[in-house]
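Work through the exercises below with the sequence and the 3D view open. Try each task before reading its solution.

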Amino acid sequence: MRYNVAQLLKEQSGHTRRYTLHEDIGHLDADITPLSTLDGNIQFIRTADGILVVGSLHCSLELTCSRCLEPFTFPLQFTLEEEFRPTIDIVTGAYLPLPADADIATQIDARHTLDLTEVVRQNILLALPLNPICRTACKGLCPICGKNLNEGTCDCAHNEIDPRLQSLKRLLDE
Ligand SMILES: [Zn+2]
Ligand SMILES: [Zn+2]
């Protein structure tokens, strides 16, 4: 996901380039299991300080359901909006002072290459649900025998006693 932006850096603010993204993200991150390429449209907009990247991207990922523990296909859509800053002045070739809090992920390198890889990786990780579920009606696993209750019922007695009351019930039963 590397783009040479030397020409765009020479343009005035407001100048825009459009790209269609179609990328293999198989090696992006150990926690990301893609089932498709990453696709979408992005725009590079020359700003006073650098290049603003905006876009809308989508891909399919394999996630594991937090209720039934089965893998499922998760369609992920996210927007990008990141300003990249040059490290070298395009006209003079001099190194540019970067702000102290400058993020290395959004730096355009000395060869005027803008690399979207790290920003895309971070945005995908941020867009992932904390507790993914395969469907809203997922019944999960039986807490006693572990059977996937989406595939049918089990023979376990599912009494509805609040676990906090279990010890009280035990006392009463004695
Ligand atoms: Zn599930
Ligand atoms: Zn069971």
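The exercises cover the metal sites and then the domains.

This is a predicted model, in which local features need pLDDT of at least 70, side-chain atom pairs count only at pLDDT 80 or more, and totals for chains, interfaces and linings use all residues. Residues are numbered from 1 along each chain as its sequence is written, chains are lettered from A and ligands numbered from 1 in the order in which they are written, and side-chain values use heavy atoms, with hydrogens and water left out.

**Exercise 1.** Find the residues that coordinate the zinc ion (ligand 1), and state the arrangement of the donor atoms.

Step 1. Donors are N, O and S atoms within 2.8 Å of the metal (3.2 Å for Na, K and Ca); water is not among the atoms, so sites may look incomplete. For the zinc ion (ligand 1), the SG atoms of Cys65, Cys68, Cys134 and Cys138 coordinate at 2.3 to 2.4 Å.

Step 2. Along the chain, the donors of this zinc ion (ligand 1) have the spacing C-x2-C-x65-C-x3-C.

Step 3. Four donors count as tetrahedral if all angles lie between 85 and 135 degrees. The arrangement around the zinc ion (ligand 1) is tetrahedral because its four donor atoms subtend angles of 104 to 113°.

Step 4. Buried means under 20% relative accessible area, exposed over 50%, and partly exposed in between (1.4 Å probe, protein chains only). Cys138 is buried at 5%, while Cys134 is partly exposed at 24%.

**Exercise 2.** Describe how domain 1 and domain 2 meet.

Step 1. Domain 1 spans 2–137 and domain 2 spans 139–174, with bounds from an automatic or database domain assignment. Their centres, taken over C-alpha atoms, are separated by 46 Å.

Step 2. Six residues from domain 1 and five residues from domain 2 take part in the contact (heavy atoms within 4.5 Å).

Methods
Tetrahedral: all angles 85-135°; square planar, octahedral: opposite > 155°, others 65-115°.
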